[in-house]
Amino acid sequence: MRHIVLTRASFENDDMFKKYYEVMKNVYIPSILSQTCKNFELYILVNEQHKNFLEDEFIKHGIKITTIVGNGHTYNRYARKNPIEIQTRRDCDDWMAPTYIESIRSKCEEYSKTFDTFLVQGQPTKLDYHTGNEYKMGIYPETRTSMFLTLYQKSGNLSIMDQSHTKFPTLVPTVFSLEGNPVKWVIHGNNTLIVTGK
């Protein structure tokens, strides 16, 4: 099964990009490198002015990426033309456990025997980037899924960016959650004003 992990790192503001990249290199990149399952393709949404920088930085870490210049609509056009069975959306500043991709693929293999299309969500905790303190969060229900979201489709041209994460169950109402808390929503000060947008 083809599996794309789509990460948003598209910032028009250079200063904001630099602030997010500091978190990205200390949290996101190590999380990608730690994955026990390497059977996925990493796509990153970027603005043109940061494309070469990000590609070079990931190469330094031995990570192959495909950059898409633009926003979610740009990725949607790509997804419509290319069959992608598993699509996972991620933000560039968040953490995932080493078994995160492995557990997603396991769920997809299990439930694809019964369902043609479904969602898999991770239930996050909240992590303070500066202090290292971790906090529990409320459970995201099946009707309002978390930002750590995966779309499985046996066939079709849905994109994981077709809808905001909380509203995606209006398109795909069958939802499963991963066990435990395999992901962390990292709060670092720059994202406190856009909490509702995540």
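The cut-offs here are buried for under 20% relative accessible area, exposed for over 50%, and partly exposed in between, with a 1.4 Å probe and protein chains only.

Quick housekeeping. This is a predicted model, where local features need pLDDT of at least 70 and side-chain atom pairs count only at pLDDT 80 or more, while totals for chains, interfaces and linings use all residues. Residues are numbered from 1 along each chain as its sequence is written, and side-chain values use heavy atoms, with hydrogens and water left out.

Back to H165. You'll find H165 in the loop between β9 (149-153) and β10 (175-177). Those names come from DSSP runs, numbered from the N terminus: helices are H or I with at least four residues, and strands are E with at least two. The H165 side chain reaches the backbone nitrogen of M147 at 3.3 Å. That pair is a polar contact, meaning N or O atoms within 3.5 Å; within protein, one must be able to donate a hydrogen and the other to accept it, and residues adjacent in sequence count only if both atoms are side-chain atoms.

Now look at another loop residue, Q123, between β6 (117-121) and β7 (124-128). Q123 counts as buried because its relative accessibility is 6%. What does the side chain of Q123 reach at 2.9 Å? It's the backbone oxygen of Y140. The Q123 side chain also makes a polar contact with the side chain of S177, at 3.4 Å. If we skip neighbours within four places in sequence, the contacts of Q123 (heavy atoms within 4.5 Å) include G138, I139, G180, N181, P182 and V183.

K126 counts as partly exposed because its relative accessibility is 30%. K126 and W185 are 59 residues apart along the chain, yet their C-alpha atoms are separated by 4.8 Å. Not counting residues up to four places away in sequence, K126 touches N133, E134, Y135, M137, W185 and I187.

And K136? That one sits in the loop between β8 (134-135) and β9. K136 is exposed because its relative accessible area is 83%. Its C-alpha atom is 5.0 Å from that of T125, eleven residues apart along the chain.

Okay, on to helix α1 (14-33). At the start of α1, a side-chain oxygen of N13 comes to within 2.8 Å of the backbone nitrogen of D15. Follow the helix along and you'll see α1 bend by about 50° at M24; the bend is the angle between axes fitted to the seven residues ending there and the seven starting there. The buried residues of α1 include F17, Y20, Y21, V23, M24 and V27. Taken together, the buried residues of α1 pack against β1 (3-8), β2, α2 (48-60), β4 (86-91), β5 (95-96) and β11 (183-187). Take Y20 in that helix: Y20 counts as buried because its relative accessibility is 4%.

Compare helix α4 (residues 100-111), where I101 sits. I101 is buried because its relative accessible area is 0%. Leaving aside neighbours within four places in sequence, I101 is in contact with H3, V5, Q35, C37 and F40.

Last stop, a pocket. Rolling a probe the size of a water molecule over the atoms shows where empty space is left. A pocket here is an open set of points on a 1 Å grid over the protein atoms alone, where a 1.4 Å probe fits, with protein on both sides within 12 Å along at least five of seven lines; lining residues have an atom within 4 Å of a point. How much space lies in the second largest pocket? About 210 Å³, where the volume is the space filled by probe spheres set on the points, and points are joined across faces, edges and corners. Among the residues lining the second largest pocket are I32, L33, K38, F40 and G62. The elements giving two or more residues to that lining are α1, β2 (41-46) and β3 (65-69), and β2 gives the most, with three residues.
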